[in-house]
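The stops below are given in the order in which they may be selected.

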Number of protein chains: 2
Amino acid sequence: MKSSLLVDVKFDIFGNFDRFRKALPGRQIINWSDLEARPNDLSGIHYALGWKPDEGLFATMPDLKVMFSVGAGVDHMLEDKSLPDLPLVRFVDQSLTSRMSEWICLQCLIHLRQHSLYTRQQKDKLWRDHPQPDAGDLRVGIMGLGILGSDAAAKLKMLGFQVNGWSRTRKTLPGVNCFDESELDEFLACSDILVGLLPLTPQTTGIFNASLFAKLPDTTPIGGPIFINAGRGKSQVEADIISALQDGRLKGVSLDVFEDEPLPQESPLWLIENAVLTPHVASVSDADALATHVAGQIERFEAGLALEYLVDKKTGY
Amino acid sequence: MKSSLLVDVKFDIFGNFDRFRKALPGRQIINWSDLEARPNDLSGIHYALGWKPDEGLFATMPDLKVMFSVGAGVDHMLEDKSLPDLPLVRFVDQSLTSRMSEWICLQCLIHLRQHSLYTRQQKDKLWRDHPQPDAGDLRVGIMGLGILGSDAAAKLKMLGFQVNGWSRTRKTLPGVNCFDESELDEFLACSDILVGLLPLTPQTTGIFNASLFAKLPDTTPIGGPIFINAGRGKSQVEADIISALQDGRLKGVSLDVFEDEPLPQESPLWLIENAVLTPHVASVSDADALATHVAGQIERFEAGLALEYLVDKKTGY
């Protein structure tokens, strides 16, 4: 009998788990959300997949060997201070990556091509053109150059944007001017559009705040800097974003993530012009792809090969 | 004395023509719109640049050698039935091309990522996600594979879309499934998103009509076919587009061009949900780039080299 997989995810995207049964034939799939199906004895279970798993749950699994995250980010798992010191595998998948790049390219183009302005004009039946820089006139700065950031950089470059990138340790990407931790101010000073794709760690909590926005260029070819965040909501200070939009420090924003999700009804962000909001849908994990990914890594592990996409729990990503 | 350039454009993007004087040193630039500057004698002028030039004007220039179009399309010049039988050069420029691709990628992503739906939800402060196919699930069909269509095809491909192309004579483009004149129905049947980038000719006038829309797929991963037009407005039958949007034959449209421009106030298109309209701004000729282009072709011509980007007046493009 092959070892079981325990799944503790806090939402319902996986339906009846049939896709996991198909991808992992011969293994028991334990849905922790199904109270009646919870085993009394967690011994003998080698694998666990989580999204905000119950605090302490994984620590009570005596034979656990590998933990999997439902997403590319793992902050939702590292919050559990009792998380065992075992390999933690993030979710990496071509569809997850390309969906994120779709969303980022869409948002950069929306701001470049003044889409919100033209939408308002359409409502007023107004036929009027406006001066239009092209992508090559704009510098997009991507903070976070993991798999998602690198893919977005390549696609933005191909659309014609100038692309800069920042990461804690310097990366090398073709056609992208890369900055490291010590060069943050220099990087921000040349970011007409700033794209956040950072993992949530103590260092990145609240990093997108008034003092950071103050370091963006004062003028840009589209009338001011743009901030786009598809990383984690707790990396941004929404009160500062709102002030910056109101006083013109920021020309516009696109946000897919928020300090609290769902975004509270009373947030002024909902109704600010030039704030484009989406409900954490930039890149949703595809359940079939996730099942395939988990099955593939378990297969590697049992064949004695190294696991891929391992998280460094010290840095938090 | 080098030969002069006569410029007859019907709008004001060129300002004081200094950019032409800079690009063409030593030549007189005659602005036909400036009534006081019009010479009585048009002899000795070898070059003319036009946008909807006065009917018959170019025919009255006894020494005219080369005609230039302000845009990539030339229908506005071929309308003049007395246009002399001389080389006609279209405008081709990297910026013109990349701006068009920006607009087309933006519109494809808007429909793929259900941007209008999420915008409406934002207004209602509604946090709700929807099933989301990715670009790879969608087939974009581009009608017209000239310089603009080929560039858009490559960029859509890179964003992850499946890309098909149609042209009168079959083209070969990397990664693009190309169809020719005889295969139009087959091409339409696999176009979840149809992109029009056709020149205006007798054959393409009114081509985007109810009978063509009927040949698009009935169902697509985003709930129905999308029509996008950035070619020429007279290629589309707006009454048919409006009916198709109303009865659901089309799920959405993005239109930058219209049968009559500006789009008349009474057109129902302005207020149809899922109709994204822009006022013929998808790709606006950059005046500096145009001046450089015209200067470069005149230089080639006077050096005895072949002109580039020549229009075939029989096919009309």
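A salt bridge is here a side-chain nitrogen of Lys or Arg within 4 Å of a carboxyl oxygen of Asp or Glu. By that rule, four salt bridges cross the interface of chain A and chain B. This is a predicted model, in which local features need pLDDT of at least 70 and side-chain atom pairs count only at pLDDT 80 or more, while totals for chains, interfaces and linings use all residues. Residues are numbered from 1 along each chain as its sequence is written, chains are lettered from A and ligands numbered from 1 in the order in which they are written, and side-chain values use heavy atoms, with hydrogens and water left out.

**First stop: the interface**

Select A:Arg113 and B:Glu102, which form a salt bridge with their closest N and O atoms 2.9 Å apart. Next, display the polar contacts between the chains (pairs of N or O atoms within 3.5 Å; within protein, one must be able to donate a hydrogen and the other to accept it, and residues adjacent in sequence count only if both atoms are side-chain atoms). Between chain A and chain B, 22 residue pairs are in polar contact, both residues being at pLDDT 80 or more.

On the side of chain A that touches chain B, at least two residues each come from helix H3 (94-112), helix H4 (115-123), helix H5 (147-158) and strand E12 (275-277). H3(A) gives the most to this side, with nine residues. By class, the side of chain A that touches chain B has 26 nonpolar, eight polar and ten charged residues; Ala, Val, Leu, Ile, Met, Phe, Trp, Tyr, Cys and Pro count as nonpolar, Asp, Glu, Lys and Arg as charged, and the others, Gly among them, as polar.

Now select the whole contact (heavy atoms within 4.5 Å): 44 residues come from chain A and 44 residues from chain B. The two chains bury about 4200 Å² between them, 64% of it on carbon and sulfur atoms; buried area is the accessible area (1.4 Å probe) that two parts lose on being put together, summed over both. Of the interface residues of chain A, 100% are also interface residues in chain B, so the copies meet through the same surface.

**Second stop: the axis**

Superpose the copies by least squares on the C-alpha atoms of residues with pLDDT of at least 70 in both. Chain A can be laid on chain B with an RMSD of 0.1 Å by a turn of 180 degrees and a shift of 0.0 Å along the axis. That is the relation of a two-fold axis. In chain A, the C-alpha nearest the axis belongs to A:Leu106, at 3.0 Å from it.

Select A:Asp260 and A:Lys234, a salt bridge whose closest N and O atoms are 3.9 Å apart. A:Asp260 lies in the loop between strand E11 (252-255) and E12 of chain A, and A:Lys234 in the loop between strand E10 (226-229) and helix H8 (238-246) of chain A, so the pair ties together parts that are 26 residues apart in sequence.

**Last stop: backbone geometry**

Most residues other than glycine have a negative phi, and most peptide bonds are trans. A cis peptide bond joins A:Glu261 and A:Pro262, with omega about -5 degrees, and A:Pro262 is in the loop between E11 and E12 of chain A. Finally, select A:Tyr309, which is not a glycine but has a positive phi of about 60 degrees; A:Tyr309 is in the segment after H9 of chain A.

Notes. Helix = DSSP H or I, 4+ residues; strand = E, 2+ residues; numbered from the N terminus.
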